[in-house]
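Keep the structure in view as you read.

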Amino acid sequence: MSASLNQRPARDTIRHRLDSFKSHWLEELEDWKSKGLGGEEQKSAQRFWIDLFACFGVSATRMDLFERNARRATTGNGGRIDLFYPSVVIGEAKKPGVDLEVAYDQALDYLNGGSVHEFEMPKYVLCSNFERLRLVKLDPENGFDTEFPLSEVTDHLDELKFLAGYDTVTKAEEAKASMHASKLMAGLFTAMAGDDVDEEVGDQAPTTVDDEELRVHETSLYLTRLLFLLFGDDAGLWETDLFTRFVEENTTPDNLGPQLNALFEVLNTPENQRRHVPDSMASFPYVNGAIFAEPMKTQYFNPAMHTALKHACRFNWSEISPAIFGSLFQLVKSKEARRSDGEHYTSEKNILKTIGPLFLDELRAEADRLIGSRSTSAKKLREFRDSLADYAFLDPACGSGNFLIVAYRELRKIETDLIVGIRRKEGTLGDMALDVTFEQKLSIGQFYGIELNWWPARIAETAMFLVDHQANKELAERIGAAPDRLPIKITAHITHNNALAVDWNVVVPPVKGKTFVFGNPPFIGQYTKTEEQTEDMKRVWGKDYDGYLDYVTGWHAQSMKLLAHREGEFAFVTTNSITQGQPVPALFGPLYRAGWHIKFAHRTFAWDSEAPGKAAVHCVIVGFTRDNVFKPRLWDYPKVNGEPVEALVHTGINAYLVDGPEILVKKRSKPLASIPKVVYGSKPADGGFLVPKAGVDLADGDPVAAKYVHQFVGAKELVRGTKRECLWLVNMSPDDLLHSRVLKARVLGCKEFRERSPKAGDAYKLKNTPTLFRPNKHMPSVDYLAIPRHVGESRRYYPTARFDPAVICGDANFQVEDPDGLLFGLISSSMFITWQRAVGGRLKSDLRFSNTLTWNTFPVPELEEKQREAIIKAGEKVLDARALHPERSLAEHYNPLAMAPELLKAHDALDKAVDTAFGAPRKLSSEKQRLELLFKNYEELTS
């Protein structure tokens, strides 16, 4: 059993002490009454509180200052708080016979008076008149208010046990405490390093110690050590408040630095090797590990630094969440982050979306099943508990360890439940003599991380120890004992390196059970990779390298290598681009060939970045397995920043995160279906001489030039309805050129522009034909359809328009002849935009039309004449609905919040015609239904 955790007294010890406390003070009360002593209670209040708190192992030092000065909210006058235990409890004592409501109101008056720091706000109010006690928990959801006589204090141990640290901390309280803690650390950092320090965070942070200045590095190491000491003071690593008393009683601004350095040496020295250690340090245990091993120059502190540290000592560090605090702690070097509210961390909810369906949910379900079954033997429970120690867990982009911390914490909860279950089966649950060291098997040594930046890597090592200790505290609460972790013998393995340049098989040795890989690799798109990152990708992907692959997919390649010859599964949070467009075959082709299938997925949702100033990224989570028997799980997000909704999966999850066959849609040079090819519009390459800006009157009073002026439709003109003109001089008479000042000036300007253009570009190559656009052999001779390259992701339908051949379509759009309107009907349907969303590419979040990827692959079945006519007529009704408001542009017509009822009705009718033509028995009601039909048709047409 851990000596360190025993600093917090066991329940039986507390009960025994409370009995003695009760007896002593009941006798003292009788003595006051018998002797007629007046005012004795006021002199004894401090003694009463000290004796009560000692029952729970709390020293008077931890209670900060008795009779702390404070201001009353109701009067503004000064006063004194009888008892203040920062962030835990405020106490007020009155003489016997006084109504405790008076004491309670006075305590609240002090709290509301502005004299108590936010991070010191207590959770409880404890009042006494020596004869009775009143305890109130200040929690609007789980609070309580109880009053009882001193003679019954032992019966109320469960309500009072929070004084010994036996108190449930909610997620919200953890998050709040972590933010307060981060502000305290930011204050310490500023006091030590200065407020001028402003270092990049996230991907741009220094990767090595040599990349940052010495004072920042030394301050960073100091803060890591101070965090350990502050946490240890509150979490039972040693005698409560040992470090706080050391700072308060043995240091001054002048000697704080040398005293801390001496303490660091003591903490790094085994007890049997220490010589002449002063009493102020002798009680500190030997820590070992890497935390205090590195020699450091003595730091010298000024009064502000000394005050900042004493301020931090008053905070209750045992309530922080290492997962949240670790993310916040790594930001202390950023001036912006230090001054912000601190809400820049990955929520545990998002982490659990990854590790839950990867392994945690299955392990929890099996543990609950075994524990809940009467027929389960203790042997079966032990076997399952022992199997947890056979796994390895790797986060190869671990940052400050968030994913590893949450995974370890949740696995320890499962293991603790199993240990309790075993003891219940064997009838030894209350047996304090058993050595829990042989029962607790899971270890932080099973957890591995790789991190490019040195500072987050260092935080991850420390944070894993903190969460291990918190898990041991929970185990001690359940069975009364926990393993001893000091001196540190086992640590998490955090490798400071480039994850795409190191062999993961060296980082994670082979294990008996499965290896699980998970995390949140850096979001760097295919077009924003540096040369070094491109080389990383080529190295890890080898012959399968494809320029379309995002940088994040390098982690998929490395996972496949690690798990090629061992059991395991992996899941990553990534940008949603890996499941859209051309990158899909590049990534999923090699995965499918290696036998990997999608085990679970979260479709597109908003993931907030940890770094300040960064916007939320649209992400997906995809988990992979090689098992052939598993139940795939898929979550959808009706609102991208809302809550997930689990969807039923019938066939399986494919690379587009659709319930359908494992199909990869690849570019095609010709349409898969019996529909014509779509081509680019015409490219002017003219410097604005043949196609000036919108609003320019090209004819300018020149009747000769007027003959050649045509309407021009670029992207903005198509979607926004802007009017623009161009000169179309394909059949221009040379004589007209001689007699038109406008034509002559614009053709000459075009020629000069092209001659000055880069020789490798299109414009220069066209210098000898300044009257013409870039040649386009696909100019329409009949009515045609103009298709914008990009449209907003929120559009319900893909907005297009038909024009006659006299209107010139620019190359910012695609064009295709559509004499009867069939193609307009097809592309304006929900069926097409569903296909576009699933297999098409994106420009940021906008939908990107591609003739080779979305049009040529669009699985339109062979249409009967009746079906063609139905689609054409339904398309005409859409145009009729638009015509009711000729003043509106396509963007206005298709504003998702303001579509006209007539237009919506027309599109519904069009969807019915298209859906039934594709093989549906009736109009479909969801994207999911359409996708299932689309992939079925695609599979049939490609087979």
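On the α18 side, Met537, Arg539, Val540 and Trp541 make the contact, and on the α19 side Gly554, Ala557, Gln558, Met560 and Lys561 do. Contact here means heavy atoms within 4.5 Å.

This is a predicted model, where local features need pLDDT of at least 70, side-chain atom pairs count only at pLDDT 80 or more, and totals for chains, interfaces and linings use all residues. Residues are numbered from 1 along each chain as its sequence is written, and side-chain values use heavy atoms, with hydrogens and water left out.

Helices (H or I, at least four residues) and strands (E, at least two) are DSSP runs, numbered from the N terminus.

**Two helix pairs**

Two packed helices are described by the angle between their axes and the distance between the axes. Axes are lines fitted to C-alpha atoms, for helices over the stretch in contact, and angles run from 0 to 180 degrees between N-to-C directions.

| Helix pair | Axes come within | Crossing angle |
|---|---|---|
| α18 (residues 531-541) and α19 (residues 554-562) | 9 Å | roughly 30 degrees |
| α15 (residues 402-426) and α16 (residues 454-479) | 10 Å | roughly 20 degrees |

Angles under 35 degrees count as roughly parallel, over 145 as roughly antiparallel, 65 to 115 as roughly perpendicular and the rest as oblique. So α18 and α19 are roughly parallel. α15 and α16 are therefore roughly parallel too. α15 passes α16 in a right-handed crossing. Among the residues in that contact are Tyr408 and Arg412 of α15, and Asp468 and Asn472 of α16.

**Arg412**

Is Arg412 buried or exposed? Arg412 is buried, because its relative accessible area is 1%; buried means under 20%, exposed over 50%, partly exposed in between (1.4 Å probe, protein chains only). Its side chain makes a polar contact with the side chain of Asn472 (2.7 Å). A polar contact is a pair of N or O atoms within 3.5 Å; within protein, one must be able to donate a hydrogen and the other to accept it, and residues adjacent in sequence count only if both atoms are side-chain atoms. Beyond four places in sequence, Arg412 also touches residues including Gln440, Leu442 and Arg485.

Three strands form an open sheet in the order β21-β26-β25, with antiparallel pairing. Strands pair if DSSP finds at least two bridges between them. The edge strands are β21 (790-791) and β25 (841-843).

Note on methods. Left-handed = near helix turned anticlockwise from the far one by under 90°.
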